[in-house]
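Trainee: Could we go through this model together? I would like to start with the strands and then turn to the rings.

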Amino acid sequence: MSLKIEAGKFYRNRRGDVRGPMRRSGEAEFEWTDGTRTYRADGTFFPVKHHERDYDLTEDAVDANTFAVSFPSAPEQAS
């Protein structure tokens, strides 16, 4: 894969699902997460079981604003 994951961006997996926004997971090998799944820097999905290759990230999702995010943002604080 020639994909390079970047924080805050959205990506499409082999199934066509849009995942993101991406953030650091704190793990050494699978260093990126969308809040649900974790990925290597090249977009490879963890766990790496043969039948789960469909979850590998394959491309940038240019129009991510039309899709729901995978985890909600933090609630606003009252001032």
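Predicted model: local features only at pLDDT ≥ 70, side-chain atom pairs only at ≥ 80, totals over all residues.

Trainee: In what order do the four strands form the open sheet?

Mentor: Strands are DSSP runs of E of at least two residues, numbered from the N terminus, and two of them pair if DSSP finds at least two bridges between them. Strand E5 (residues 38-39) is joined to E6 by two bridges. E3 (23-24) and E6 (45-46) are the edge strands, each pairing on one side only. The pairing is antiparallel, and the order is E3-E4-E5-E6.

Trainee: Which residues do ring pairs link into a cluster?

Mentor: Rings of Phe, Tyr and Trp (its six-membered ring) pair if their centres lie within 6.5 Å; planes under 30 degrees apart count as stacked, over 60 as edge-to-face and the rest as tilted. The whole structure holds two aromatic pairs. Tyr39 and Phe45 are tilted, at 5.9 Å centre to centre and 55° between the planes; Phe45 and Tyr55 are also tilted, at 5.3 Å and 50°. The cluster is Tyr39, Phe45 and Tyr55.

Trainee: Why does Tyr55 count as buried?

Mentor: Buried means under 20% relative accessible area, exposed over 50%, and partly exposed in between (1.4 Å probe, protein chains only). Tyr55 counts as buried because its relative accessibility is 18%.

Conventions
Residues numbered from 1 in each chain as written. Heavy atoms only, no water.
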